[in-house]
Structures are given as C-alpha cells and as structure tokens.
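Please read the points below beside the sequence and the model.

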Amino acid sequence: MGKEVSESCLDILLIETVSSYTNGFYAGKPELVAQAVEAIGYQVGNQLCERYTMERSQFSDHLEAIKFICTDFWIKIFKKQIDTLRTDHKGTFVLRDNRFRWISRVSNPISEDSGATFPSTLPVNFAQSRKMHLYFPCGIIRGALSNLAIPCAVTADISSLPSCIFTIQIRRD
Amino acid sequence: MTSTACFMIVSRNDIPIYEAEVGAAPKKEEAVHQHQFILHAALDIVQDIAWTTSAMFLKSIDRFNDLVVSVYVTAAIHTRLMLLHDSRNDDGIKSFFQEVHELYIKSLLNPLYLPGSRIKSSHFDTKVRALARKYL
C-alpha cells in the first residue's frame with residue numbers, strides 16, 4: 001500500500017489544480033477557490049493520517065499530535081521535517097518550514113530586476129495567486145489533525161520565499 | 001474449528017459501520033441479536049480502557065458466559081474494531097485485527113467513501129470473512 005509517483009507529476013498536478021480552479025471553475029471568486037482547494041486538502045489529509053498512524057497507538061495530548069505532524073508526517077510527504085515549531089501553550093502553534101517543497105518552483109518577481117515591463121498591478125496578483133497554492137497544504141494539515149480528533153483552523157503565510165509559515169489554531173469549545 | 005464470533009467496526013459517534021458474523025458454527029437467530037447487544041454494551045468499557053492505555057490491541061476486556069470481547073483501537077481516535085468470540089487464540093486475533101485495519105484504510109482511501117458511513121462493499125465483506133476463516 002504505497003506506490004511511488006514522480007515528483008514533477010505531483011507538482012504539475014497541484015499547480016494545474018489551483019490554476020484550473022482559479023481560472024476555470026470559480027473564475028473571479030477567490031474565496032470559493034480557497035474553500036474548494038482546502039476541502040480537497042482536508043480529505044487527502046484525513047486519508048494520509050489514517051495511513052501513517054497505522055502502527056502507532058493514540059497520542060496522549062495535542063502537543064504530541066502536532067509533533068507527529070512536524071516529524072513523521074512531514075517526512076513522509078516532503079522528505080524533511082518542519083524546521084521550527086513554536087507554541088504559546090494556549091492552542092496556537094506556529095510551524096515554519098525553511099524550504100517548502102511545493103512552492104520552491106515559484107518565482108519571485110519582486111526580487112528580479114524590475115525591468116519596467118510589469119504593470120504595477122502585477123505584484124498584487126502574484127501574491128494572491130501564490131497564496132492559492134498554500135490552501136492545499138493547509139487543508140492537509142487540518143484534515144490530518146481532525147482525524148486525530150483535534151478541531152483546528154490552519155492558515156499559511158509566505159512573506160519570505162522559500163520559507164513558509166503555517167499557523168494552527170486549535171478550537172476549544 | 002467451530003467457534004462463534006461476531007465482528008464489528010465502530011466509528012466515532014459510536015455508529016457501527018460494519019458488522020459480520022464470522023464464526024464457523026451454525027448461527028441461531030437469537031444469538032445474532034445477543035452478540036450485537038453484548039458488543040454494544042462493551043463500548044463503555046472500551047472508552048475507559050482506551051484512554052488509560054497506549055497499546056492498540058486490548059485483549060479480552062469483557063466476558064459474557066463464555067464469550068469474550070476483544071478490541072483493537074486505532075490512532076485515529078474512536079475507530080474501534082471489536083470482536084466477540086469464544087476462542088483463546090490471542091495472536092491470531094491480533095493479526096486478524098491488523099489485516100482488517102489495512103483493509104479498512106484501503107476502503108477509506110476511496111474518494112467516494114464518506115468516512116463514518118456504512119461499508120457496503122461486498123469485496124470488503126468477502127475479504128473480511130476470508131481473513132476470519134484464516135485467523136480465527
């Protein structure tokens with residue numbers, strides 16, 4: 001149970017998913033795109049979590065579960081661990097990955113020589129479309145945690161490529 | 001190897017998503033209902049024990065006459081595989097649970113399967129019965 005897939009195929013699939021939702025299915029409605037992509041990620045996260053926790057028994061608390069996500073889970077998917085984990089012990093966890101695999105191919109037009117051929121509105125759209133690519137991994141994390149019975153909300157932030165910061169907010173109610 | 005056995009998978013919200021009589025003994029009608037009742041009554045005990053231990057396989061947590069309930073909990077909380085049986089074959093039961101767990105994960109990987117709904121696939125059913133014959 002676990003066949004191998006070429007990484008470039010996976011990259012192309014993800015890029016195309018985001019692009020077809022943004023330009024095709026829900027053109028002009030970025031909130032719906034975000035929801036749809038995140039929902040796909042949620043289901044994938046559920047299934048991956050089931051698979052990877054097969055040998056393990058239950059986690060004793062939330063911190064253990066998050067640590068599992070940062071190490072085993074991340075290694076299985078991205079072949080490396082999360083670089084920094086910070087928490088405020090009140091339900092917020094900040095995960096930082098210094099070189100996030102799925103956006104390592106995204107170019108950064110701001111740092112390139114701005115040859116004045118880009119219209120001034122382009123940087124805004126770039127930021128928007130880059131954010132779209134992050135909804136899928138957010139959904140994966142949310143799905144994995146909800147499979148471990150931890151309801152949460154996950155947001156991502158790429159202000160500094162190629163590192164990526166995921167913020168997990170555990171819902172207590 | 002005539003043995004009575006009733007196998008059930010319970011998901012979160014305590015809804016049974018799969019039930020099967022896998023014993024080799026001839027089934028009697030009242031016995032089927034009784035088996036289900038015994039398994040449901042054991043759910044409370046499972047809850048208590050599952051939080052205290054970190055093992056996955058909980059052997060014989062309850063007895064009724066000469067029938068014994070064994071339970072296997074997964075890391076994804078609240079998914080329990082429960083077996084009611086009268087044999088004493090612990091290792092066989094453990095391997096049975098592990099194989100059914102794999103089958104269950106495979107059925108979860110089906111994108112058209114809603115987690116928490118009943119497993120209606122006849123393929124799953126056939127496989128589980130074959131495993132039961134092999135290990136129990």
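**Note on helix packing, pockets and a cavity**

1. α2(A) crosses α3(B) with a left-handed sense (left-handed if the near helix is turned anticlockwise from the far one by less than a right angle, right-handed if clockwise). The helices are DSSP runs of H or I with at least four residues, numbered from the N terminus. This is a predicted model, in which local features need pLDDT of at least 70 and side-chain atom pairs count only at pLDDT 80 or more, while totals for chains, interfaces and linings use all residues. Residues are numbered from 1 along each chain as its sequence is written, chains are lettered from A and ligands numbered from 1 in the order in which they are written, and side-chain values use heavy atoms, with hydrogens and water left out.

2. The packing angle of α2(A) and α3(B) is about 165°, and their axes are 10 Å apart. That makes the two helices, α2(A) and α3(B), roughly antiparallel (an angle over 145 degrees). Axes are lines fitted to C-alpha atoms, for helices over the stretch in contact, and angles run from 0 to 180 degrees between N-to-C directions.

3. On the α2(A) side of this contact (heavy atoms within 4.5 Å) are A:Gln47, A:Glu50 and A:Arg51, which meet B:His101, B:Tyr104, B:Ile105 and B:Leu108 of α3(B). The contact of α2(A) with α3(B) has three nonpolar, two polar and two charged residues. Here Ala, Val, Leu, Ile, Met, Phe, Trp, Tyr, Cys and Pro count as nonpolar, Asp, Glu, Lys and Arg as charged, and the others, Gly among them, as polar.

4. Within chain B, α3 (residues 90–108) packs with α4 (residues 122–135) at about 165°, with axes 9 Å apart. α3(B) is therefore roughly antiparallel to α4(B). The crossing of α3(B) and α4(B) is right-handed. Among the residues that make the contact are B:Phe96, B:Val100 and B:Leu103 of α3(B) and B:Phe124, B:Val128 and B:Leu131 of α4(B). By class, the contact of α3(B) with α4(B) has nine nonpolar, three polar and two charged residues.

5. How much space lies in the largest pocket? The volume is about 1,200 Å³. A pocket is an open set of points on a 1 Å grid over the protein atoms alone, with protein on both sides within 12 Å along at least five of seven lines, and lining residues have an atom within 4 Å of a point. Grid points are joined across faces, edges and corners, and a volume is the space filled by probe spheres set on the points.

6. The largest pocket is lined by 32 residues, and A:Val5, A:Leu10, A:Tyr52, A:Lys76 and A:Ile77 are the closest to its centre. α1(A) gives the most to this lining, with eight residues. The lining of the largest pocket holds 19 nonpolar, four polar and nine charged residues.

7. The second largest pocket has a volume of about 300 Å³. Its lining has 18 residues, and those closest to its centre are A:Asn147, B:Arg12, B:Tyr104, B:Pro115 and B:Gly116. α2(A) supplies the largest share of the lining of the second largest pocket, five residues.

8. The whole structure has one cavity of 30 Å³ or more, a cavity being a set of points where a 1.4 Å probe fits but cannot get out. The largest cavity holds about 80 Å³ of space. Its lining includes A:Gln58, B:Trp51 and B:Arg80. Helix α2 (residues 43–52) of chain B gives the most to the lining of the largest cavity, with four residues.

How values were computed: Parallel < 35°, antiparallel > 145°, perpendicular 65-115°, else oblique.
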